[in-house]
Structures are given as structure tokens and as C-alpha cells.
Amino acid sequence: MPLYNNIIIKIGSNVVTRPDGFPDVERIGKIVEQIAALKKLKIQVTLVSSGAVASGRSVLNIPEKTDPVAARQQLAAVGQIKLIHTYSELFAQHGFICAQVLVTKGDFRDRRHYLNMKSCVNNLLKNNIIPVVNENDVISVTELMFTDNDELSGLLASMLEAEALILLSSVDGLYDGKPNDPASKLIPVVNETNADFSYVSGEKSNFGRGGMLTKSRMALKLAQVGVNVHIANGKTENILVDLLMGKSCGTHFPAQKNTSGVKKWVAHSEEYAKGKVYINEGAKAALTQSGKATSLLPVGVVRTEGYFEKGDVIKILDENGSLLGIGIARYNSEKTKERILQKKQPSLVHYDYLYLK
């Protein structure tokens, strides 16, 4: 029996790109073959794939003096067609249909938009269609860009309440030093006891925007809200099937606790916060030390910062400015100010909509 029934697979740029910068169609074909084998085991698979820009390079010759943003947009616009066509043909050889889903960071900011996107992807999965998700590089610039597709895949894993996220990289997993150093050792399991990441290099990959440090931090955060994360080498033969059938592969970040879909969304919404509330020591202790589910009451709020409406994401900080958590406000900042330090008032953030760091 497979380890999981609902997974996200993210393929990094270095896995699907040859050393010359062009797409590695042979490697993509082998990964598709493995996904098809997983589908035949009734596993739901959502694929997050880099490679649009590399595919664009195989078609376009962009002058060196072209603005980098404009060049990336052109390569992505042309390359995305070529990439999804490649996936469509390869999956069809195994009797499967795939669908293109292009997203931006803004798609995850609004709760209603988020739920619409979730419904779309879930409907594809229910109809045995494989969603192939990528960032919409054509319109994603500056603040609209994900850090990398690792961040996108983490958001999708939370959104779809996946059991596991598999990050296919060009190395075997997380090492306690540089992967190319013979003295470095692969770390098979990472949890809160060994997750200082001081040993992880911050270097970016050759063709992607991410690196192992961003992967590791994102993986630990996902594990904390109930998603298993595996980092493995996408160039290793049969890696996906071996991993799903229980063979020890790469580095595993075990899921620690399961949380609701709303909490998972809130956990990844820190940068979308519209305002801040600062709480006193009593409220801090109630939230972090009580050992039971506790909502944030206005009696513990000492001040607010910024303007927020009901339903907005807000940051919760102690009086020293340290971030304690993120939540969804039940009323706006004006009402919050009126109720500061007042007893017998409705909670500002209900526990069901509160994520503590």
C-alpha cells in the first residue's frame, strides 16, 4: 500500500533543465511515467512544475540587452505553451489528461478567490485530470512573485489539504554540509529538535530562484501544520514510486499535527496582513502557555497598528514587538480600539482562525 493517497509533487528547474539551459524532455518523460504509475494506484497527484522559461529558450533567442523582466515574460509566455504541450503529449501516452493551472501570489491573498481556486483544482482531481500548476511568470513581477515554486507548492499543499509534498531537487536531500563535500552526510529526518538549519547553504540553484534553505524552512512550517514533506533527487530512477512505496529516500519532514484548512491558509498569510495588534503578558500567556484552545480577547490588547476590516488577516505581537501569531479579525480596527482592555467583549480572533508561530 502507498504511504499517501493525496500528494503534491514539485519539480525543480534543475531537474527539468539540461546544463545548456534547454528543457530535459527525457527526464520529464521519466517523471511522467512514474506519476502515471502512481495514478494507477489511485493516488491523487497535483504537479507543480518549473520549466516554462527553459522551454521558451528552446524557441526564442532574446537579445542580451533586453530588460530581464521583459525577457522573462517573453520566455515564459512562449515557453508555457511548449511546456504544457510536452506534458499533455507525455501523459496522453499513458492514458491520462492534464490541465494547465497558472497562478500568482495574489490568488492566495483573498479568501474567496482562494476557495474558488481550491474548488477548481479539486474538481480536476475528482475527474482524474492531473493539474499541472506553475507561476504565471507573464504577469508575476516584483511583489506578485513567489519566492520560488517551493513556496507555491507549499501553499497548494495547505490549500488542498494534501497528505504529503514531494520536492524533487537535483540533490538527494538535506545535508549537514555542502552536498558535494564527501564529509557531508544526508539527514534522513528533520523535526524541531534538529532544525536549526545553520548547516544549510543559502546558495540558489543554477536555473531556479530558490535554494535548499528556503526549501527547509518551508518544509518545517508545513510539517508543523500537518503535511509530510520529502526532499528527494528527481534525477534518481524510479524515485517517486520508491518513496511512495515506503523506501527510505531523501529527507523527510514528518507531519507533527493536523490542522484545519482555514488554519493552514492563515499559517501562510503573514505577508498579507493588513494590521497589527499588540497584546499584554496575560494574553500572551493565555495563548501560548495555557495548553488549551484559546481565542484572543480584546481585554488583552494594548494597542493596534494599521487599518483592518472584519475578515482581514492581522499579526499578533507581544509588547516587545515579537510576532506571536496570525489570525483573521472578527471586527475592524476601529472597534478593536474601542474595546481595548475591556472585559466581556467578543473575541477579536477566534481560536479556529488563529495560527500561533
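1. Is Arg27 buried or exposed? Arg27 counts as buried, at 11% relative accessibility. The cut-off for that class is under 20% relative accessible area. Keep in mind that this is a predicted model.

2. Arg27 has a charged partner. Its side chain meets that of Glu237 in a salt bridge, at 3.3 Å from N to O. Arg27 lies in helix α2, residues 25-39. Glu237 sits in the loop between β6 (228-233) and α8 (239-244). The pair therefore ties together parts that are 210 residues apart in sequence.

3. The two ends of this bridge fall into separate accessibility classes. Arg27 is buried, whereas Glu237 is partly exposed at 47% relative accessibility. Glu237 is not classed as exposed, because that class needs over 50%.

4. The Arg27 and Glu237 pair belongs to a network. Salt bridges link Glu26, Arg27, Lys30 and Glu237.

5. How many salt bridges does the structure hold? The count is 13. Two further examples follow.

6. Arg18 and Asp20 form a salt bridge, and their closest N and O atoms are 2.5 Å apart. Asp20 has 44% relative accessibility and counts as partly exposed. Arg18 is also partly exposed, with a relative accessible area of 34%.

7. Arg303 and Glu305 supply another case. Their side chains meet in a salt bridge at 3.9 Å, N to O. The cut-off is within 4 Å, so this pair qualifies. Arg303 is partly exposed at 41% relative accessibility. Glu305 is partly exposed too, with a relative accessible area of 34%.

8. Where is Asn149 placed? Asn149 is in helix α6, which covers residues 149-159. Asn149 counts as buried, at 8% relative accessibility.

9. What does the side chain of Asn149 join? A polar contact of 3.1 Å links it to the side chain of Asn134. Asn134 is also on the contact list of Asn149 once neighbours within four places in sequence are left aside.

10. Then view Asn149 with Asn134, joined by a polar contact of 3.1 Å. Arg27 is buried at 11%, and Asn149 is buried at 8%.

How values were computed
Residues are numbered from 1 along each chain as its sequence is written. This is a predicted model: local features need pLDDT of at least 70, side-chain atom pairs count only at pLDDT 80 or more; totals for chains, interfaces and linings use all residues. Side-chain values use heavy atoms; hydrogens and water are left out. Buried means under 20% relative accessible area, exposed over 50%, partly exposed in between (1.4 Å probe, protein chains only). Helices (H or I, at least four residues) and strands (E, at least two) are DSSP runs, numbered from the N terminus. A polar contact is a pair of N or O atoms within 3.5 Å; within protein, one must be able to donate a hydrogen and the other to accept it, and residues adjacent in sequence count only if both atoms are side-chain atoms. Contact means heavy atoms within 4.5 Å.
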